[in-house]
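Colleague: I would like to learn how to read sheets and chain contacts in a model like this one. Could you take me through it?

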There are 2 protein chains.
Amino acid sequence: MPIFDFELISRDTTTAARRGSFTTAHGDVLTPAFMPVGTRGTVKGVLPEQLTELRTQVVLANTYHLYLRPGHEIVRDAGGLHAFMNWDGPILTDSGGFQIFSLADTLTLTDDGVSFRSILDGSAHTWTPETNMEIQEALGADIAMVLDVCPPYPAEKQQVADAVARSAAWARRCRDAHARNDQALFGIVQGGVHTDLRLESVQRTVDIGFPGYGIGGYSVGEPHDLMLESLEPVAAALPEDKPRYLMGVGNPTTMLQAIALGVDLFDCVLPTRTARVGTAFSSQGRMNLRNAQYAADFGPLDSTCTCSTCTGYSRAYLRHLVNVKEMLGATLLSVHNLHFLIDLTERARAAVSEGRYGAFLAEWLASPAADDY
Amino acid sequence: MPIFDFELISRDTTTAARRGSFTTAHGDVLTPAFMPVGTRGTVKGVLPEQLTELRTQVVLANTYHLYLRPGHEIVRDAGGLHAFMNWDGPILTDSGGFQIFSLADTLTLTDDGVSFRSILDGSAHTWTPETNMEIQEALGADIAMVLDVCPPYPAEKQQVADAVARSAAWARRCRDAHARNDQALFGIVQGGVHTDLRLESVQRTVDIGFPGYGIGGYSVGEPHDLMLESLEPVAAALPEDKPRYLMGVGNPTTMLQAIALGVDLFDCVLPTRTARVGTAFSSQGRMNLRNAQYAADFGPLDSTCTCSTCTGYSRAYLRHLVNVKEMLGATLLSVHNLHFLIDLTERARAAVSEGRYGAFLAEWLASPAADDY
């Protein structure tokens with residue numbers, strides 16, 4: 001299969017869920033897939049060999065953070081992100097748009113590009129679609145994302161409409177500037193929670209033509225129901241023969257709901273971030289290991305789980321590590337939480353293959369695991 | 001070979017260095033050996049499978065810290081430290097004496113035992129030799145240490161003499177109280193930097209009779225030369241057919257010098273503690289990875305090293321992780337630093353076998369690696 005061609009392997013019979021695959025220079029990706037986040041070129045507290053053991057398919061890294069430290073030239077001179085971080089599997093870099101626009105108070109936006117100040121030292125930087133492509137090509141991920149304009153939530157509808165128009169113009173410039181043949185460039189759909197703007201954004205972005213599409217601008221504080229409501233027509237309007245990537249979303253229940261709408265790719269800091277505060281996903285719902293109820297509980301975190309944390313360590317030990325602030329607690333809980341999400345996508349793929357995704361989702365939503373997400 | 005019997009395998013021809021082995025219920029230990037420190041039941045930032053890969057022979061854990069959190073009863077109920085921390089190899093617990101006596105301002109010492117306040121919540125605790133044995137038996141390490149009295153440095157000679165006498169009396173009570181057949185109990189020699197008191201302590205402790213001897217009360221701030229000077233007659237006076245353990249010492253140069261005096265076992269937090277502040281051991285001396293000189297240095301930490309950090313990652317990447325305070329930096333540097341010390345003991349064993357330990361030590365002392373330790 002030619003590189004980056006998305007193959008639709010099977011469809012669910014009762015939902016829009018689908019199973020697919022695409023090829024990169026660093027291996028195949030089976031969808032639906034969850035991508036662990038390695039913001040600064042490391043999935044926090046988790047070794048590359050552990051990511052392999054977890055059957056991680058793609059790691060996400062952040063262009064904004066790597067551009068500031070260590071700098072994209074250093075990553076390029078190291079031989080690219082794969083060599084730099086010792087991860088030989090597929091990598092996706094976001095464009096950094098989301099990070100820049102979340103620092104709106106230091107930002108100047110023009111048609112040409114965006115000027116911003118570093119969160120680290122206040123130094124001034126300007127990105128255009130063209131320079132952003134240079135930076136992402138230097139980082140050398142398998143998949144790059146266009147530089148987009150991310151309005152906050154809530155925002156005036158006109159502001160969102162402007163962001164859609166400017167994102168489309170920038171997407172075209174990104175596509176024209178992007179030159180690496182071994183790197184796919186995905187477009188990004190914006191439009192907030194406004195279905196008309198979302199569909200306009202789909203149309204404009206698809207007109208340019210990309211091998212995959214990000215759905216951005218969610219997970220910025222909008223109500224969960226409103227997000228799913230506006231996501232449904234967006235997913236349906238995107239081309240069937242290209243992967244669809246819901247950016248920044250990865251809590252288990254929303255991920256499974258979005259898969260039912262035909263979404264293929266996800267990323268989120270949630271599994272590792274919650275791990276670092278001592279919280280584990282489980283088939284019984286979230287568990288806060290700081291809780292004294294686990295102090296003498298010698299069973300595994302989740303008796304249904306096959307990860308190395310659940311097969312090697314007790315709740316009491318994990319509780320002890322969290323309680324005394326030992327690094328290994330964050331590592332072991334991160335491994336478990338990542339396994340939880342990756343395992344969920346594997347089960348979702350199996351359910352799609354067997355045409356029972358609707359039943360799989362219904363079973364999840366009725367289980368204690370769906371609570372409190 | 002019966003459990004805990006120390007076998008002297010070979011002696012160096014020009015120094016007092018020796019190679020030996022002893023058996024525990026969790027495997028054999030070849031000496032000289034360096035024991036990584038897992039204070040709270042975890043070697044900070046390092047997984048048990050990484051310890052195995054590093055050819056770790058024994059892990060040390062701290063009775064004081066585990067007694068306070070999570071409590072020895074919880075460790076006992078978990079099936080002991082091996083099950084609790086998922087480490088199936090040999091474990092040694094110190095008695096906690098060193099920790100208690102470093103908190104001298106909250107301490108009441110009598111012939112019967114010692115009362116102290118918790119560093120965590122100020123709660124009052126009393127240990128006697130007998131209760132300390134109960135605690136260490138509950139933790140269930142392969143080797144326990146007697147409860148000793150550790151005077152500070154500097155101290156009045158009379159205070160050191162009193163500590164020697166009281167330590168001997170407590171050592172006897174520990175031996176009488178200790179009941180676990182699958183656990184060895186080592187005596188501890190005190191006496192500060194006073195050779196006469198050290199030799200008196202050797203005599204008193206050996207009279208009681210233990211399967212191994214700790215040499216305590218060093219690494220408390222005394223000058224390095226004074227320590228080596230008083231260590232020599234102590235090591236020589238200890239029984240040849242028992243292992244000698246220099247407690248709390250593990251900087252590379254001192255360790256190699258002590259091996260030349262006939263010491264067999266070492267432990268130290270140095271490799272993991274220095275790793276957490278971004279410092280690596282190397283054949284060229286210590287390296288501070290915070291230094292900007294490594295920002296674009298794509299070679300390994302130490303080109304002579306075979307550890308997984310040196311074979312997988314560049315100085316530039318490690319410098320980046322340290323610079324942005326990513327957990328993985330501490331983990332990768334800890335792995336390297338532990339490998340450095342363990343590898344050094346393996347090379348020391350080979351040098352003893354070949355009767356060239358004197359030359360091996362001289363070569364080390366003339367190398368850049370011996371600097372600044």
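Modeller: Gladly. Let's begin with a term: a salt bridge is a side-chain nitrogen of Lys or Arg within 4 Å of a carboxyl oxygen of Asp or Glu. Keep in mind that this is a predicted model.

Colleague: How many salt bridges are there between chain A and chain B?

Modeller: The count is 4. In one of them B:R40 meets A:E326, with 3.8 Å between the closest N and O atoms, which is within the 4 Å limit. There are also 8 residue pairs in polar contact between chain A and chain B, both residues being at pLDDT 80 or more.

Colleague: Which elements give two or more residues to the side of chain A that touches chain B?

Modeller: Those are α1 (48–53), α3 (72–77), α4 (81–85), α13 (315–323) and α14 (327–353) of chain A. By class, that side of chain A has 21 nonpolar, 9 polar and 7 charged residues.

Colleague: And how much area do chain A and chain B bury between them?

Modeller: About 3,100 Å², with 64% of it on carbon and sulfur atoms. Chain A brings 37 residues to the contact, and chain B brings 37 residues.

Colleague: How many bridges join β12 to β13 of chain B?

Modeller: There are 3, linking residues 213–215 with residues 244–246 of chain B. As an example, B:G214 has B:Y245 as its bridge partner in β13(B).

Colleague: Is the pairing parallel or antiparallel in the open sheet of 3 strands in chain B?

Modeller: Antiparallel, in the order β1-β2-β3 of chain B. Its edge strands are β1 (7–11) and β3 (27–31) of chain B, and the twist averages 15° from one strand to the next. Between β1(B) and β2 (18–24) of chain B there are 4 bridges; in β2(B), B:R19 is the bridge partner of B:S10.

Colleague: Which helix lies across β1, β2 and β3 of chain B?

Modeller: Helix α14 (327–353) of chain B, running at about 120° to β2(B).

Note on methods
Residues are numbered from 1 along each chain as its sequence is written. Chains are lettered from A and ligands numbered from 1 in the order in which they are written. This is a predicted model: local features need pLDDT of at least 70, side-chain atom pairs count only at pLDDT 80 or more; totals for chains, interfaces and linings use all residues. Side-chain values use heavy atoms; hydrogens and water are left out. Two strands pair if DSSP finds at least two bridges between them. Contact means heavy atoms within 4.5 Å. Buried area is the accessible area (1.4 Å probe) that two parts lose on being put together, summed over both. A polar contact is a pair of N or O atoms within 3.5 Å; within protein, one must be able to donate a hydrogen and the other to accept it, and residues adjacent in sequence count only if both atoms are side-chain atoms. Ala, Val, Leu, Ile, Met, Phe, Trp, Tyr, Cys and Pro count as nonpolar, Asp, Glu, Lys and Arg as charged, and the others, Gly among them, as polar. Axes are lines fitted to C-alpha atoms, for helices over the stretch in contact, and angles run from 0 to 180 degrees between N-to-C directions.
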